[in-house]
Amino acid sequence: MNYTDKLQRLYERRTDPTVSMESMIGDSLDKSFVTFSNKSENAKAQEYIQTAMMPLSERSTQISFEEGERVKKHLQEGLDERGMDITFEYQGSVTCNTHIKGASDIDLLVITEKFYSLEPPLKPSNPYKGSPTSDMQELRDTCYEILQEAYPVAKIENKGAKSIKIRGGSLRRDIDVVPANWFDSVLYDKYKYDYLRGVQVFDKQTKERTANFPFYNRYLVEQKDNKCQGLYRGLVRLGKTIREDSDNKLVNGISSYDIQALFYSMPDNYYQNMNSNKILLVATSFLDELIKNPNGFANIKVPDGTRKIADKVSLAQLKAFYEEFLELSRFV
């Protein structure tokens, strides 16, 4: 794929039909971007790098939260009427400001207050007598019912294992409604910081609940970016953009979370005194270092420490991802 095509895809991906072009250009796109087809291949590659690293427009991001609040309001009213005590939170790339789509969807966590789980070796002083599985199934079914009543024109998909997706109708964004329960980690039990509290997401197919720590992840992304002169988030956006535009299925299979984790593991000093071109070269070199040290790569954990990156990203995928960076670095 040449850079005319890649820039066209980048532009289309970042365009939000609900926001004016002036707003998007003013917040996140260079005004010369709209004339990229007249530029040299080198200039187009440079445009691609710089634009991909930029945050989306503030207005586009704000709309994602506004639409999440609309869905939240309907769910809150319906669940209150049914006597179900619920807390709502958001998770995902929009909350971390690492999203790359102008009309980004957003995950709305619907967290039951009926019970919570503990990370071993923590033990409850008053064990829950009910059935967490039945409670979570009821919560999911109720959410689906409420959404059908509130959004008769929208398309509501209840086939996803972990979420109910609502799209279309009057909504300007797709919203993923994710039933969950609180999960108190050992660290949260010790320090009581809100961002250390996790959730368990219910899988309707397996009837199991999977723990994750979206608030801790958001906190770590913020801390890393602050220490790295704002370049960490930019590099994550670039990596996700490269994945989206790649023709290599190995690259396509790398999750956004693992791209974030890869560059989180890049030492802070690698980000110092950098610009968009230099950080691309440094990141390319860093990926090469990981490939040349497979044992080291095998032991690198994701930011919250819950698993190793290599659990989900193979060495072959890492090499393919590196090749994409290497190709782009030719233009720097």
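**Entry 1: the model**
I am working with a predicted model, so I read every value below as computed from that model.

**Entry 2: a cis peptide bond**
I started with the backbone, keeping in mind that most peptide bonds are trans. I found a cis bond between Pro 120 and Pro 121, with omega at about 10°. I then looked up where this falls: Pro 121 sits in the loop that runs between β2 (106-118) and α6 (132-150).

**Entry 3: positive phi angles**
Next I went through phi, which is negative for most residues other than glycine. Two residues went into my notes.

- Asn 97 is not a glycine, yet its phi is positive, near 60°. I placed Asn 97 in the loop between α5 (93-96) and β2. Its relative accessible area is 26%, so I wrote it down as partly exposed.
- Lys 192 also has a positive phi, about 65°, without being a glycine. Its loop lies between α7 (186-191) and β6 (198-202).

**Entry 4: cysteines**
How many disulfides does a search of the whole structure find? I got zero. A disulfide is a covalent bond between two cysteine sulfurs, and the cut-off I need here is 2.5 Å between the sulfur atoms. The sulfur of Cys 96 has its closest cysteine sulfur in Cys 228, and the gap is 15 Å, so the two are too far apart for a bond. Looking from the other end, Cys 228 is in no disulfide either, and its nearest cysteine sulfur is that of Cys 96.

Are these cysteines buried or exposed? Cys 96 comes out at 3% relative accessibility, so I count it as buried. Cys 228 is at 0%, and I count it as buried as well.

**Entry 5: a negative patch**
Last, I turned to surface charge. Asp 80, Glu 81, Asp 85 and Glu 113 together form a negative surface patch. I followed up on one of them, Asp 85, and found it in the loop between α4 (58-81) and β1 (86-91). With a relative accessibility of 53%, Asp 85 counts as exposed, because the cut-off for that is over 50%.

Methods:
Residues numbered from 1 in each chain as written. Predicted model: local features only at pLDDT ≥ 70, side-chain atom pairs only at ≥ 80, totals over all residues. Heavy atoms only, no water. Helix = DSSP H or I, 4+ residues; strand = E, 2+ residues; numbered from the N terminus. Buried < 20%, exposed > 50% of the residue type's maximum accessible area, 1.4 Å probe, protein only. Patch = residues over 30% accessible without salt bridge, like charges linked within 9 Å, V, L, I, M, F, W, Y side chains within 5 Å. Areas by Shrake-Rupley, 256 points an atom, 1.4 Å probe, with all protein chains shown as cover. Salt bridge = Lys/Arg side-chain N within 4 Å of Asp/Glu carboxyl O. Lys, Arg positive; Asp, Glu negative; His and termini not counted. Charge placed at Lys NZ, Arg CZ, Asp CG, Glu CD.
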